Amino acid sequence: MYRGLKKIELTVLRRSLDYWGAFELSQELEFVIRQGEKNDVFAVTPEAKYYLMGKEPEPVTAGLHIGEIGKKQLNLSLEGAYLISKMSDRKKIKVVGQAESLVLYGRDVFGTSINWADESIEQNDKIIIANKYGEAIGLGRSRFDYSGLFADRVTVNTEADLGLYIRSQSEF
């Protein structure tokens, strides 16, 4: 069942978007939640939101899947990371060419592969891993704060990457 966001969910969504430096998205886009085992958040147009709310038959999916919302945070999806990476550099690193391929294979990021990083990154922060153009190719977690990110060792753990789609298709 699709529904609008409750007040607490809207607050959690806005806080999460602010964390990523994309608070404006909460004012520019319409959001709906597909309620189920997980509460998936989708960015939709106002027309799509009107169609989704309480209509039968219910569509399987709609709009752009931003992530899953919990009681305290939004777990960003790769599509959400891609959307956010287009408008913000906050909590983002950019990696060099060969490291892009390794991230797409699910490998962790070496500090020497990082081309640029946001200075606000702290240890254990969720971050967006981007290519040289700033487009999100994965999500990760920093092992160190900004000053330790460029060391010659694994400094970012890759938690999700766009290569998941490619690898999962090869199984069929």
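Let's start at one residue pair. Tyr2 has Arg34 as its bridge partner, and Arg34 sits in strand E2.

A word of caution before we go on. This is a predicted model. The mean pLDDT of the chain is 91, and 98% of the residues score at least 70.

Now widen the view. E1 and E2 belong to an open sheet of 5 strands. The order is E1-E2-E3-E4-E5, with antiparallel pairing. Which strands are at the edges? E1, residues 2-3, and E5, residues 74-76. Each of them pairs on one side only. As background, strands of a sheet pair through backbone hydrogen bonds.

Next, a helix. H4 spans residues 78-87 and lies across E4 and E5. E4 is residues 64-69, and H4 runs at about 110° to E4.

What packs together here? The largest nonpolar core has 21 residues. Val41, Leu76, Ile84 and Ile128 touch the most other members. Several elements supply at least two residues each: helix H1, E2, E3, E4, E5, H4 and E10. H1 is residues 7-19, and E3 is residues 40-44. In general, nonpolar side chains tend to be buried together in soluble globular proteins.

Take Ile84 as an example. What does Ile84 touch, leaving out residues up to four places away in sequence? Leu17, Trp20, Ala22, Leu25, Leu76 and Ile128.

There is also a second, separate core. This one has 13 residues, including Ala99, Ile114, Ile121 and Ile137.

Now to strand E9, residues 126-130. Confidence in the chain is highest here, at a mean of 97. Where is confidence lowest? In helix H6, residues 163-169, at 77. Why call E9 largely enclosed by the rest of the structure? Because 4 of its 5 residues are buried.

E9 has two partners to look at. With strand E6, residues 92-95, E9 pairs in the parallel sense over 3 bridges. Lys94 stands opposite Ala130 there. With strand E10, residues 136-142, E9 runs antiparallel, joined by 5 bridges. In that pairing, Ile129 faces Gly138 as its opposite residue.

E9 and E10 also make a hairpin, with 5 residues between them. Look at Gly134 in the turn: its phi is positive, at about 90°.

To recap: an open sheet of 5 strands, a helix across E4 and E5, and a hairpin of E9 and E10. Over to you.

Methods. Residues are numbered from 1 along each chain as its sequence is written. This is a predicted model: local features need pLDDT of at least 70, side-chain atom pairs count only at pLDDT 80 or more; totals for chains, interfaces and linings use all residues. Side-chain values use heavy atoms; hydrogens and water are left out. Two strands pair if DSSP finds at least two bridges between them. Contact means heavy atoms within 4.5 Å. Axes are lines fitted to C-alpha atoms, for helices over the stretch in contact, and angles run from 0 to 180 degrees between N-to-C directions. pLDDT is the predictor's confidence in each residue, from 0 to 100. Buried means under 20% relative accessible area, exposed over 50%, partly exposed in between (1.4 Å probe, protein chains only). A nonpolar core is a set of buried Ala, Val, Leu, Ile, Met, Phe, Trp, Tyr and Cys residues joined through side-chain atoms within 4.5 Å.
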